[in-house]
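This report describes selected features of the structure shown below, for use alongside the sequence.

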Amino acid sequence: MNALHRHEEERVEEVLQNLRAKGIRITDTRRAVLSYLVASHEHPSAEKIYRDLLPQFPSMSLATVYNIKVLIDEGVVSEIKVRNDTTTYFDFMGHDHLNVVCEKCGRIADVDIEVPDLREEAASQSGYQITKTQMTVYGICPDCQKKHLAQYRGECWGPTYDEAYGVVQ
(Lines give C-alpha, C1' and ligand atoms only; values in the text may rest on other atoms or scores of the structure.)
Protein backbone atom coordinates (compact mmCIF):
# COMPACT_ATOMS: atom_id res chain seq x y z
CA MET A 1 0.00 0.00 0.00
CA ASN A 2 1.24 3.50 -0.82
CA ALA A 3 2.20 6.09 1.76
CA LEU A 4 -0.62 8.16 3.17
CA HIS A 5 -1.19 11.75 2.11
CA ARG A 6 -0.70 14.31 4.85
CA HIS A 7 -4.44 14.80 5.48
CA GLU A 8 -4.95 11.02 5.66
CA GLU A 9 -2.10 10.68 8.15
CA GLU A 10 -3.67 13.46 10.24
CA ARG A 11 -6.98 11.56 10.26
CA VAL A 12 -5.24 8.37 11.36
CA GLU A 13 -3.42 10.19 14.17
CA GLU A 14 -6.66 11.87 15.31
CA VAL A 15 -8.44 8.51 15.52
CA LEU A 16 -5.50 6.86 17.30
CA GLN A 17 -5.34 9.71 19.81
CA ASN A 18 -9.05 9.26 20.58
CA LEU A 19 -8.58 5.51 21.00
CA ARG A 20 -5.59 6.01 23.33
CA ALA A 21 -7.61 8.49 25.40
CA LYS A 22 -10.18 5.71 25.92
CA GLY A 23 -7.48 3.29 27.02
CA ILE A 24 -7.52 1.23 23.83
CA ARG A 25 -4.16 -0.33 23.00
CA ILE A 26 -2.69 0.68 19.65
CA THR A 27 -0.74 -2.10 17.95
CA ASP A 28 1.22 -1.81 14.73
CA THR A 29 -1.35 -3.96 12.96
CA ARG A 30 -4.32 -1.95 14.30
CA ARG A 31 -2.60 1.19 13.03
CA ALA A 32 -1.94 -0.50 9.67
CA VAL A 33 -5.58 -1.60 9.28
CA LEU A 34 -6.83 1.89 10.16
CA SER A 35 -4.34 3.50 7.75
CA TYR A 36 -5.44 1.08 5.03
CA LEU A 37 -9.09 2.00 5.52
CA VAL A 38 -8.40 5.73 5.61
CA ALA A 39 -6.44 5.55 2.34
CA SER A 40 -8.81 3.15 0.59
CA HIS A 41 -11.17 4.46 -2.04
CA GLU A 42 -12.95 1.11 -2.01
CA HIS A 43 -14.97 -0.74 0.59
CA PRO A 44 -12.64 -3.65 1.30
CA SER A 45 -13.46 -6.90 3.03
CA ALA A 46 -11.38 -8.17 5.94
CA GLU A 47 -9.91 -10.76 3.58
CA LYS A 48 -8.76 -8.08 1.12
CA ILE A 49 -7.23 -5.99 3.91
CA TYR A 50 -5.45 -9.09 5.21
CA ARG A 51 -4.10 -10.08 1.78
CA ASP A 52 -2.88 -6.56 1.06
CA LEU A 53 -1.19 -6.03 4.45
CA LEU A 54 0.27 -9.52 4.87
CA PRO A 55 3.53 -8.78 2.98
CA GLN A 56 4.27 -5.93 5.42
CA PHE A 57 3.01 -7.85 8.49
CA PRO A 58 3.77 -11.56 7.89
CA SER A 59 2.86 -12.52 11.46
CA MET A 60 -0.58 -10.87 11.22
CA SER A 61 -3.59 -13.19 11.22
CA LEU A 62 -6.97 -12.74 9.60
CA ALA A 63 -8.42 -12.67 13.13
CA THR A 64 -6.35 -9.54 13.78
CA VAL A 65 -8.07 -7.80 10.88
CA TYR A 66 -11.47 -8.97 12.10
CA ASN A 67 -10.58 -7.32 15.41
CA ILE A 68 -11.64 -4.14 13.64
CA LYS A 69 -14.69 -4.26 15.93
CA VAL A 70 -13.18 -1.64 18.22
CA LEU A 71 -13.13 0.80 15.27
CA ILE A 72 -16.73 -0.07 14.46
CA ASP A 73 -17.80 0.33 18.10
CA GLU A 74 -16.16 3.77 18.16
CA GLY A 75 -18.04 4.82 15.00
CA VAL A 76 -14.84 5.28 13.01
CA VAL A 77 -15.56 2.43 10.60
CA SER A 78 -18.90 1.10 9.42
CA GLU A 79 -19.84 -2.38 8.29
CA ILE A 80 -21.66 -2.72 5.00
CA LYS A 81 -23.65 -5.85 4.22
CA VAL A 82 -24.56 -6.68 0.66
CA ARG A 83 -27.63 -8.75 -0.09
CA ASN A 84 -26.86 -12.34 -1.22
CA ASP A 85 -23.25 -11.98 -0.04
CA THR A 86 -21.95 -13.25 3.30
CA THR A 87 -18.90 -10.97 3.10
CA THR A 88 -18.81 -7.87 5.27
CA TYR A 89 -17.27 -4.77 3.72
CA PHE A 90 -15.80 -1.87 5.67
CA ASP A 91 -15.86 1.88 5.20
CA PHE A 92 -13.92 4.61 7.00
CA MET A 93 -16.44 7.19 8.15
CA GLY A 94 -14.15 10.20 7.90
CA HIS A 95 -16.58 12.39 5.96
CA ASP A 96 -20.31 12.85 5.46
CA HIS A 97 -21.50 10.48 2.78
CA LEU A 98 -24.05 7.82 1.93
CA ASN A 99 -23.14 4.32 0.88
CA VAL A 100 -25.19 3.24 -2.13
CA VAL A 101 -25.24 -0.53 -2.70
CA CYS A 102 -26.28 -2.22 -5.96
CA GLU A 103 -28.81 -4.94 -5.24
CA LYS A 104 -27.72 -6.91 -8.31
CA CYS A 105 -23.89 -6.96 -8.32
CA GLY A 106 -23.06 -5.66 -4.83
CA ARG A 107 -21.01 -2.67 -6.00
CA ILE A 108 -20.76 0.00 -3.30
CA ALA A 109 -20.48 3.68 -4.17
CA ASP A 110 -20.00 6.70 -1.94
CA VAL A 111 -22.25 9.68 -2.53
CA ASP A 112 -20.80 12.82 -1.00
CA ILE A 113 -23.82 14.61 0.41
CA GLU A 114 -24.59 16.01 3.80
CA VAL A 115 -26.31 13.25 5.74
CA PRO A 116 -28.87 14.48 8.26
CA ASP A 117 -28.15 13.68 11.89
CA LEU A 118 -31.15 11.64 12.92
CA ARG A 119 -29.95 10.75 16.43
CA GLU A 120 -31.87 13.41 18.32
CA GLU A 121 -35.16 12.72 16.53
CA ALA A 122 -34.71 8.94 16.87
CA ALA A 123 -33.97 9.30 20.60
CA SER A 124 -36.97 11.53 21.26
CA GLN A 125 -39.38 9.24 19.40
CA SER A 126 -38.05 5.91 20.69
CA GLY A 127 -36.65 6.70 24.12
CA TYR A 128 -33.42 4.94 23.11
CA GLN A 129 -30.01 6.35 23.88
CA ILE A 130 -28.67 6.49 20.33
CA THR A 131 -25.02 5.46 20.07
CA LYS A 132 -24.50 5.60 16.31
CA THR A 133 -26.32 5.91 13.02
CA GLN A 134 -25.62 4.41 9.65
CA MET A 135 -27.43 5.18 6.47
CA THR A 136 -27.22 2.90 3.45
CA VAL A 137 -29.20 3.29 0.26
CA TYR A 138 -29.90 0.35 -2.07
CA GLY A 139 -30.59 0.47 -5.79
CA ILE A 140 -29.42 -0.81 -9.15
CA CYS A 141 -26.14 0.57 -10.51
CA PRO A 142 -25.87 1.98 -14.05
CA ASP A 143 -23.98 -1.09 -15.35
CA CYS A 144 -26.65 -3.49 -14.08
CA GLN A 145 -29.37 -1.23 -15.48
CA LYS A 146 -27.69 -1.42 -18.90
CA LYS A 147 -27.33 -5.22 -18.67
CA HIS A 148 -30.99 -5.57 -17.71
CA LEU A 149 -32.15 -3.31 -20.54
CA ALA A 150 -29.95 -5.13 -23.06
CA GLN A 151 -31.46 -8.48 -21.99
CA TYR A 152 -34.96 -7.01 -22.06
CA ARG A 153 -34.44 -5.53 -25.55
CA GLY A 154 -33.39 -8.96 -26.78
CA GLU A 155 -36.85 -10.26 -25.83
CA CYS A 156 -38.84 -7.33 -27.21
CA TRP A 157 -37.81 -4.16 -28.98
CA GLY A 158 -37.06 -0.89 -27.25
CA PRO A 159 -38.62 -0.62 -23.78
CA THR A 160 -38.13 2.55 -21.87
CA TYR A 161 -36.44 2.49 -18.49
CA ASP A 162 -39.85 2.87 -16.82
CA GLU A 163 -41.26 -0.06 -18.80
CA ALA A 164 -38.26 -2.26 -18.00
CA TYR A 165 -38.43 -1.56 -14.28
CA GLY A 166 -42.21 -1.24 -13.94
CA VAL A 167 -42.11 2.37 -12.80
CA VAL A 168 -45.63 3.73 -12.39
CA GLN A 169 -46.09 7.46 -12.84
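In this predicted model, H43 lies in the loop that connects helix 2 and helix 3. The residue is buried, with a relative accessible area of 10%. Its side chain takes part in a polar contact of 3.3 Å with the side chain of N99, and in another, of 2.8 Å, with the side chain of D110. Not counting residues up to four places away in sequence, H43 touches I80, Y89, F90, D91, N99, I108, A109 and D110.

S78, in strand 1, is likewise a contact partner of N99; leaving aside neighbours within four places in sequence, S78 is in contact with Y89, F90, D91, M93, N99 and Q134. The relative accessible area of S78 is 5%, so the residue counts as buried. Q134 is 56 residues away from S78 in sequence, yet their C-alpha atoms are 7.5 Å apart in space.

Helix 2 comprises residues 28-39. How far is helix 2 enclosed by the rest of the structure? Ten of its twelve residues are buried, so the helix is largely enclosed. The buried residues are T29, R30, A32, V33, L34, S35, Y36, L37, V38 and A39. They pack against helix 1 (6-21), helix 3 (46-53), helix 4 (62-66) and helix 5 (69-73), and also against strand 1 (77-81) and strand 2 (88-92).

The largest nonpolar core has 24 residues, of which L34, L37, I49, I68, L71, V77 and F90 touch the most other members. At least two residues of this core come from each of helix 1, helix 2, helix 3, helix 5 and strand 2. Helix 2 supplies the largest share, six residues. Apart from this core lies another, of five residues, among them I80, V82, Y89 and V101. For L34, the contacts beyond four places in sequence are V12, V15, L16, L71, V76 and F92.

**The hairpin of strands 3 and 4**

Strand 3 (residues 98-102) and strand 4 (residues 108-111) run antiparallel and are joined by four bridges. L98 stands opposite V111 of strand 4. The two strands form a hairpin with five residues between them, and G106 in the turn has a positive phi of about 85 degrees.

**Cysteines**

A disulfide is a covalent bond between the sulfur atoms of two cysteines. With a cut-off of 2.5 Å between sulfur atoms, the model contains zero disulfides. Two cysteines illustrate this result, as set out below.

| Cysteine | Closest cysteine sulfur | Sulfur-sulfur distance |
|---|---|---|
| C105 | C102 | 3.8 Å |
| C144 | C141 | 3.6 Å |

The sulfur of C105 is too far from that of C102 for a bond, and the sulfur of C144 is too far from that of C141. Is C105 buried or partly exposed? At 44% relative accessibility, C105 counts as partly exposed. C144, by contrast, is buried, with a relative accessible area of 9%.

Conventions
Residues are numbered from 1 along each chain as its sequence is written. This is a predicted model: local features need pLDDT of at least 70, side-chain atom pairs count only at pLDDT 80 or more; totals for chains, interfaces and linings use all residues. Side-chain values use heavy atoms; hydrogens and water are left out. The expected span of a helix is 1.5 Å times one less than its number of residues. Buried means under 20% relative accessible area, exposed over 50%, partly exposed in between (1.4 Å probe, protein chains only). Contact means heavy atoms within 4.5 Å. A polar contact is a pair of N or O atoms within 3.5 Å; within protein, one must be able to donate a hydrogen and the other to accept it, and residues adjacent in sequence count only if both atoms are side-chain atoms. Two strands pair if DSSP finds at least two bridges between them. A nonpolar core is a set of buried Ala, Val, Leu, Ile, Met, Phe, Trp, Tyr and Cys residues joined through side-chain atoms within 4.5 Å.
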